[in-house]
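Here is a quick tour of a protein model, going from the overall fold down to a few residues. Have the viewer open while you read.

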Amino acid sequence: MLTVYTTMPAWDGSASADYRHTVIEQARWAEEAGCRGALIYSDPGQLEAWAAAQLIVSKTERFIPLIAVNPEYTHPFNVAQMVSTIGFLYQRAVDLNLVSGGFQVHLRKLGCRLDHEQRYERLTEYGQIVKSLLTADRPTSRRGTYYTFNAASLARPLDPWLAPKIYISGASEDCVRAQRNLAIERLTYPREPSTYVGMAPQAVWGVKIGIIAREDPEDAWRVAHRRFPVDPSGEQTHDLASKLVKSHWYTQQFADAVAESAPNGTYWLYPFRAYQTFAPYLVGSYAEVGDTFARYRDLGVRTVILDHPTDPDDLHHALTALAYSDPASLTGSVRLAGGGELQR
């Protein structure tokens, strides 16, 4: 079973009414398609993710936001309190994606002086506190390296059936260690499948990836090149921006993209290379993309976050390709954690 999320569009400076319409409509596409919900990014250059999540929850029936939470932006008690409050008001879960932050400009603006290892140590403590507050049947006390709690408790305990899925994002050894300590699923941008040849299946993990698929692979590539045209100025901008990012996954993916941004089978890094999106893309026929994604499934991938579907048809094509990745089903169906089912 795959858990599938889409990605909510970042605010692009559009008017409030236009942006509200966009995020509500895209959330409804995801819900109608059977996805669990969508990732909502959180950083200082964006609107507040929690406000956007509450708007979307109020306008949908089953959609579950996956909110990126960073210790620099939100205190762990606030995170737990908001999950509990939205759960109580709307009887809806809110999933969490724990992130440490990798853009130095954002970290400097907020006065963060921690190195990479310390940020993941803090993120581990952060996640432990959030989990404890959401599941404890008594007040939480803790004296840690980064946080101290004395008999803290939520105003309204979270109903167990609304417990969130909690993920952590990253590719470094520091992130893997934090994942193990928290016993949660890790999300990352995947490398080209052959990179993992000989690797044993990992613990359950998830990938953030774009998919452009059609029945005819030539149609898929026409769409892909129209959506992500060659952009030398974007490549130059990315070369400059790359010096400001210290994340392990980013450094690794940037090196891969510089070395080979042309398609490698269905795997395509040029949109990342030209600074048009961060996710690698799988492009081709349904069967080709499904076969590539099946290789990730064989490595333990059970969650996928789709990068910015442009419309309901685009989402349908991506989900159809994912249905081809299920080798155990004669019909090619893949049951989604959100309750829907993908049919070949």
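## Ground rules

Buried here means under 20% relative accessible area, exposed means over 50%, and partly exposed is in between, using a 1.4 Å probe and protein chains only. Helices (H or I, at least four residues) and strands (E, at least two) are DSSP runs, numbered from the N terminus.

This is a predicted model, where local features need pLDDT of at least 70 and side-chain atom pairs count only at pLDDT 80 or more, while totals for chains, interfaces and linings use all residues. Residues are numbered from 1 along each chain as its sequence is written, and side-chain values use heavy atoms, with hydrogens and water left out.

## The whole protein

In secondary structure, the protein has 12 helices and 14 strands. Its radius of gyration is 20 Å, close to the 20 Å from the globule rule for 344 residues, so the protein is as compact as a globular protein of that length. (That radius is taken over C-alpha atoms, and the rule is 2.2 Å times the number of residues to the power 0.38.) The C-alpha trace spans about 60 × 50 × 40 Å along its principal axes.

Of the 344 residues, 53% are buried. Taking contact as heavy atoms within 4.5 Å, residues 24 or more positions apart account for 69% of the contacts with a separation of 6 or more. The accessible surface comes to about 15500 Å², with 50% of it belonging to carbon and sulfur atoms; these areas come from the Shrake-Rupley method with a 1.4 Å probe, and for residues only the protein chains shown count as cover.

## Helix α3 and what follows

Helix α3 covers residues 76-90.

Ala-53 counts as buried because its relative accessibility is 0%. Leaving aside residues up to four places away in sequence, Ala-53 touches Ile-40, Pro-65 and Ile-67.

Most residues other than glycine have a negative phi. Gln-91, which follows α3, has a positive phi near 50°. Gln-91 sits in the loop between α3 and β4 and is partly exposed, at 37% relative accessibility.

Tyr-275 also has a positive phi, near 65°. Look for Tyr-275 in the loop between α10 (270-273) and β11 (281-285); at 33% relative accessibility, Tyr-275 is partly exposed.

## Helix α12

Helix α12 (residues 312-323) has 12 residues and reaches 16 Å from its first C-alpha to its last, close to the expected 16 Å. How many of its residues are buried? The count is 9 of 12, so α12 is mostly covered. The buried residues include Asp-314, Leu-315, Thr-320 and Ala-323.

His-317 is another residue of α12, and it is buried with a relative accessible area of 17%. Beyond residues up to four places away in sequence, His-317 touches Ala-213, Arg-214 and Tyr-286.

Technical notes: The expected span of a helix is 1.5 Å times one less than its number of residues.
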